[in-house]
Amino acid sequence: MKQEVLREVERVVLALDVNGERTELLLPVHKTLLEVLREDMQLTGTKHGCELGECGTCTVLIDGRAELSCLVLPIQVEGRSITTIEGMARGAELHPLQQAFAELGAAQCGYCTPGILLSAKSLLETNAHPSRDEIRETLAGNLCRCTGYSKILDAVELAAGRMS
Amino acid sequence: MTPNGKFGVIGKPLPKVDAVAKVTGRAIYADDMLLPRTLHCRILRSPHPHARILSIDTSAARRIPGVQAVITGADLPIKFGILPVTQDERALEHEKVRYVGDPIAAVAAIDEEIAAAACDAIEVEYEVLDAVMSIDEALVAPTDERIQDYGGPHNIHKLVALEFGDVESGFTRADHIREDVFFFQGSTHLPMEQHSATATYMDGRITLWSSTQVVHYVQRALSKVLELPMNRIRVIGAAHGGGFGGKTDPFAHEMIVCKLAMMTGRPVKCTLTREEVFYAHRGRHPVLMWVRTGVTRDGLITAMHFRTALDGGAYGSYGVASTFYTGALQTVTYDIPAYRFEGCRVFTNKPPCGPKRGHGTPQPRFALELHLEKIALDLGIDPVDLKQRNFVKAHTRTVNWLRVTSCGLDECTERVMTASGYRKREKRPGHGMGFAISSYLSGAGTAIYWNDMPHSEVQIKVDRGGVTAFCGAMDIGQGSDSVLATIVAEELGLQPADVRLVTADTDTTPIDLGSYSSRVTFMAGNAAIEAGRKMRGMLIEAVAAKMKCDAAAIEVGSGRIGDFSFEEASVLAEGRFGTLTTAGSYTPPKIAGPYKGSGVGPSPAYSYTACVVGLDADARTGLVRVNKIWIAHDAGRAINPLLVEGQVEGSVYMGLGEALMEEQAFRKGLHKWPSMLEYKSPTFLDMPEVETFIVETVDPEGPYGAKEAGQGPLLPVPPAVCSAVYDALGVWIDEVPVTPEKIVEALRRKQKGEPARFGPARFPTIPYPPTIKVEPPPKDLDRAAAASI
């Protein structure tokens with residue numbers, strides 16, 4: 001029976017480095033990074049859209065690289081640097097990408113926005129002046145149903161310009 | 001507005017008032033909430049498309065440690081539905097299930113995994129019935145029992161037949177008559193956010209936080225199902241992760257969490273999985289259409305006969321309204337002197353269809369635009385010219401009594417013609433351009449249930465310089481909060497950021513019917529203007545008394561009222577009048593025609609759109625690559641052009657998805673692809689450049705002249721894509737989505753000398769009722785009103 005299986009869940013103690021803060025957690029081994037961020041650490045800025053790696057909404061940065069947190073187990077990322085949307089602004093000062101997204105209306109319902117911002121951040125850190133097609137290519141794994149993507153592309157370009 | 005007629009904040013591309021909350025991850029969506037001691041709910045759903053439930057045994061589920069409550073249909077037996085005429089849904093079904101995904105039982109447990117395990121442990125015995133999966137199957141006698149026990153014969157839900165003016169003599173006058181058949185496939189909203197709701201019950205009161213578009217309608221449905229007065233039910237709209245019409249019905253999970261909270265005394269939360277969101281659906285109806293039109297040799301329409309058959313899925317939802325909508329708005333873009341509409345909605349064993357962006361109108365718009373293109377070809381007239389000759393004029397009534405006020409069709413058309421170079425385009429195989437137009441409501445003229453109350457109300461409180469605006473409107477990402485703040489700021493000479501908002505909370509805000517039918521800017525906007533002007537008047541009066549001058553001499557703007565700062569002025573006014581509160585409300589004009597069904601279609605104003613699509617289509621592979629879309633939208637006045645552009649671009653995107661790939665399709669009773677990977681939607685790589693033009697016609701009744709922007713611009717995209725494919729390859733694809741295999745098949749048929757098209761071969765025989773004949777409106781019906789504008 002499934003209920004007996006539930007009682008025998010294996011748990012591990014892990015130390016996760018999220019947004020520069022180290023937190024020790026006792027976690028069921030099968031829980032995804034997405035679930036741990038949202039449910040155990042109250043970092044609800046990371047959203048879920050499908051939990052199957054299809055939509056990009058749960059994107060976080062692991063050592064600066066954009067990864068889908070619904071496909072990552074915390075045990076894989078112990079000791080690595082995890083950045084969520086909550087860690088993107090510098091204190092009260094918005095990251096230039098956040099500023100540009102706000103100014104240009106690149107967030108409508110805003111649900112895909114954290115994931116797209118982090119994907120874009122990862123891009124700009126390796127390619128400070130991406131072409132519009134390079135931005136499209138990088139963000140193609142992030143779905144948005146509101147904007148038609150145009151204002152997002154404009155915002156990434158605006159931020160890239162301001163950051164250089 | 002300042003005395004010289006200049007706006008302070010209206011028309012400025014300001015960021016949305018919630019932009020920072022959204023870019024920092026601080027906006028709290030429904031699933032981000034977790035109250036102390038929350039129980040988690042999972043729902044057991046039907047694995048069969050059509051079955052009788054013989055028994056439900058929940059005893060094993062109840063024994064699982066951590067399970068706090070298990071409920072079935074017997075616990076929530078009262079039926080509900082968004083429309084008063086179709087109260088056909090139960091939160092949980094205990095007698096029969098009608099689609100794969102129909103809810104049967106629900107569990108509240110200390111965590112989600114235990115709740116899911118408990119759902120697995122529920123034993124349900126079914127008697128499986130034959131499933132009805134298509135319009136054709138629904139139109140014949142069922143092999144088992146019918147899906148619903150009401151409606152027309154067999155599995156027909158709704159039949160309608162209306163005639164406006166003398167259609168027969170219209171066809172007699174015609175020099176040319178053409179008939180065509182089209183099919184528009186169903187699609188789903190696919191909001192990025194799965195539906196989620198959390199309920200608490202304390203002291204006899206329910207509080208529900210939900211990702212809904214319509215807090216008031218959810219409150220009404222809860223009141224009925226839970227048998228509690230509305231004043232014991234508080235519904236709060238959480239930050240919203242996308243609706244597009246998909247969160248406009250009251251849903252089973254919303255009732256379930258409330259019931260479980262009442263039983264357990266603890267907060268209960270339910271978030272649907274992505275698969276469940278596909279079953280919740282309420283999306284675009286698949287519609288089969290037949291249209292017959294008579295024209296003069298100059299291309300002027302003399303009569304039109306339009307038939308639709310809607311595949312409604314298992315329940316009523318908004319379906320009666322959807323059915324009327326498939327026949328209502330043909331007349332608001334083209335002057336049709338005699339018009340006959342016959343509509344039919346059937347029940348099938350699929351998730352219920354309902355309102356998706358454009359609600360019931362993108363399908364007939366698709367058919368109408370392509371049909372007119374074909375007529376133009378028959379007559380040897382340029383299709384753009386033919387359409388323009390038939391454009392409706394501003395300030396007229398249509399033959400079906402719809403009142404047209406401002407109309408920017410000509411200007412929109414000229415803008416996209418000029419920008420795209422459509423008329424001078426180079427004709428070469430594999431490259432094509434297509435043109436289409438559309439129109440949509442700025443809010444429905446009637447509420448969902450009959451009442452005389454306003455459709456939107458706004459209260460403003462000013463207190464020591466602070467301004468708070470209260471309104472039931474629900475911001476679903478389109479920016480309705482920003483529109484409210486902007487309008488209140490405009491009237492009080494402030495910036496939107498100076499206005500605090502309390503919205504979408506049935507306890508603390510006055511009513512707004514919700515974010516559907518593109519109604520919020522128009523209706524809440526007008527209510528906000530009224531409340532704002534009353535407050536402005538009080539502030540001016542207090543300042544004028546202090547300055548000992550005439551109120552007319554007091555200027556309002558830049559945070560000042562006359563010689564005083566806004567804060568000083570508010571203190572003066574509070575001293576003079578006491579607590580500073582004002583209210584405004586908006587009720588649409590009663591302009592519906594004198595016939596049954598006339599409540600669907602009227603709107604205080606219609607938006608207009610024109611669109612050109614440019615694409616490459618490959619004859620060998622059938623692949624279509626859209627290169628650019630030019631779109632001009634008559635939004636009356638852009639209260640915030642940034643937001644209008646966002647709505648237009650988002651609509652173009654969604655229309656393109658429906659044109660090329662999106663499909664809610666079924667096989668053997670099952671949804672073919674209830675996942676975001678397999679249900680294809682456009683990515684960054686699929687989306688072409690969009691050039692948007694905002695046309696401002698300043699509607700006499702809109703707030704500062706504004707009309708809708710969030711739905712109309714979707715409509716012309718699918719037909720413009722098909723026209724462009726014809727322009728490129730010489731084949732008609734008379735159904736969406738336009739997939740490569742359809743293009744290749746149409747080209748194969750063309751090569752064999754068969755009709756160069758892919759699309760439905762015929763329209764079924766439907767037992768429409770006798771046609772109700774309606775006299776067209778008298779010519780001078782709105783003359784008095786027009787003269788006063």
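I began with helix α15 of chain B and asked what its buried residues touch. They pack against β19 (456-463), α13 (480-492), α14 (520-547), β23 (560-561), β24 (564-565) and β25 (580-586) of chain B. The model is predicted, and I read it as such.

Next I listed the buried residues themselves. In α15(B) they are F566(B), A569(B), S570(B), L572(B) and A573(B). I then looked down the helix axis. The buried residues fall within an arc of 160 degrees, so they line one face of α15(B).

I checked the helix length too. α15(B) runs over residues 566-577, which is 12 residues. From first C-alpha to last it reaches 16 Å, close to the 16 Å expected at 1.5 Å a residue. What follows the helix? Just after α15(B), G578(B) has a positive phi of about 80 degrees.

**Sheet in chain B**

I moved to an open sheet of three strands in chain B. The order is β4-β2-β6, and the pairing is antiparallel. Which strands sit at the edges? They are β4 (96-97) and β6 (123-128) of chain B, each pairing on one side only. I looked at one pairing in detail. β2 (residues 51-57) and β4(B) pair in the antiparallel sense over two bridges. I found R52(B) bridged to K96(B) in β4(B).

**Contact between the chains**

How many residues of each chain take part? I read 45 residues of chain B in contact with 41 residues of chain A. On the chain B side, α1 (19-23), α3 (112-120) and α16 (641-660) each supply at least two residues.

**Domains of chain A**

Last, I turned to chain A. It is divided into domain 1 (2-87) and domain 2 (96-163). Their centres, taken over C-alpha atoms, are separated by 23 Å. The contact between them takes 15 residues from domain 1 of chain A and 13 residues from domain 2 of chain A.

Which strands of domain 1 supply that contact with at least two residues each? I noted β3 (59-62) and β4 (65-68) of chain A. The largest share of the domain 1 side, three residues, comes from β3(A). By class, the side of domain 1 that touches domain 2 has six nonpolar, seven polar and two charged residues.

How values were computed:
Residues numbered from 1 in each chain as written. Chains lettered and ligands numbered in written order. Predicted model: local features only at pLDDT ≥ 70, side-chain atom pairs only at ≥ 80, totals over all residues. Pairing = 2+ DSSP bridges. Helix = DSSP H or I, 4+ residues; strand = E, 2+ residues; numbered from the N terminus. Domains from an automatic or database assignment. Contact = placed C-beta atoms within 7 Å. Nonpolar A, V, L, I, M, F, W, Y, C, P; charged D, E, K, R; others polar. Expected span 1.5 Å × (residues − 1). Buried ≥ 20, exposed ≤ 12 C-beta atoms within 10 Å, placed from the backbone. Arc of directions from axis to C-beta.
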